[in-house]
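Colleague: I have the model open next to the sequence and would like to go through a few spots with you. Could you take my questions as they come?

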Amino acid sequence: MNASNEREICPYVGLQPFEASDRDYFFGRERDQCIIISNLLSSPLTILYGSSGVGKSSLLLAGVVPQLHKERPQTPVVVFRDWGNPGFQQALTRACIDAVWSNNVDQPKPAETLPFDEIVRACGEAAHETMLIILDQFEEYFLYHPKSSTPNSFEAQFARAVNRDNVDAGFLIALREDSLAKLDRFQERIHNLLSNRIRLNHLDAPGATQAIVEPLSVWNGRLTAGQ
């Protein structure tokens with residue numbers, strides 16, 4: 001039985017993170033969702049952290065992103081988590097460009113060889129909206145990529161994208177709590193690096209009840225009489 005078939009007969013995802021396709025079954029994190037969206041839209045950099053398995057990816061993929069698409073359909077939203085890819089920067093660049101030009105922007109695309117901060121600046125200008133870029137599972141970035149002090153490194157380009165006044169973007173870094181100290185790698189380049197932090201805690205009792213009961217209610221509501 002494949003994942004698609006399993007999804008048809010069960011409203012729960014088990015140990016896997018919720019994805020955008022599971023958004024109708026995602027409950028219990030409404031307040032966290034609103035806080036994250038507010039921070040994304042108002043701050044150049046937000047740090048979301050919590051213990052392993054607390055539900056960071058689920059909250060972002062099934063809560064934050066679908067809600068942004070619903071409320072702000074013209075706002076480009078990028079979620080990136082492929083940090084083990086040696087060409088991750090090019091992949092992230094393409095994801096940013098695709099998020100903007102998928103809306104039929106009548107403007108030439110920027111060259112993919114431009115520095116990341118220039119890519120984000122060009123994307124924001126073309127979209128006439130704030131670019132929202134979510135860097136999920138960021139602890140894996142530190143695992144696969146050593147620290148670099150060169151001005152052309154991704155770390156330098158990312159820091160410039162966060163710091164530049166003419167780059168209209170909101171970045172969110174999501175990572176495990178035990179990797180939070182590794183962000184010190186950016187400390188010299190990004191002022192007030194940790195000033196906008198959100199700690200995601202485990203669901204409280206009411207939230208957990210919602211997460212258990214509501215998906216079943218939605219699932220039952222989609223069945224015909226007698227099923």
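Colleague: Is Asn104 buried or exposed?

Modeller: Asn104 counts as exposed because its relative accessibility is 70%, where exposed means over 50% relative accessible area, buried under 20% and partly exposed in between, with a 1.4 Å probe and protein chains only. This is a predicted model, in which local features need pLDDT of at least 70 and side-chain atom pairs count only at pLDDT 80 or more, while totals for chains, interfaces and linings use all residues. Residues are numbered from 1 along each chain as its sequence is written, and side-chain values use heavy atoms, with hydrogens and water left out.

Colleague: Where is Asn104 found, and what is its phi?

Modeller: Asn104 lies in the loop between helix H4 (88–101) and helix H5 (116–127), and its phi is positive, about 55°, although Asn104 is not a glycine. Helices (H or I, at least four residues) and strands (E, at least two) are DSSP runs, numbered from the N terminus.

Colleague: And what about Gln137, what is its phi?

Modeller: Gln137 has a positive phi of about 50°, and it is not a glycine either; Gln137 sits in the loop between strand S3 (131–135) and helix H6 (139–144), and at 24% relative accessibility it counts as partly exposed.

Colleague: Changing topic, is Thr46 buried or exposed?

Modeller: Thr46, which belongs to strand S1 (residues 45–50), is buried, with a relative accessible area of 0%.

Colleague: Which side chain does the side chain of Thr46 make a polar contact with?

Modeller: The partner is the side chain of Asn196, at 2.9 Å; a polar contact is a pair of N or O atoms within 3.5 Å, and within protein one must be able to donate a hydrogen and the other to accept it, with residues adjacent in sequence counting only if both atoms are side-chain atoms. Leaving aside residues up to four places away in sequence, Thr46 touches several residues, among them Asn39, Leu40, Phe171 and Ile198, where contact means heavy atoms within 4.5 Å.

Colleague: Which residues of H2 meet H3?

Modeller: Asp32, Gln33, Ile36, Ile37 and Leu40 in H2 meet Leu59, Leu60, Gly63, Val64, Gln67 and Leu68 in H3.
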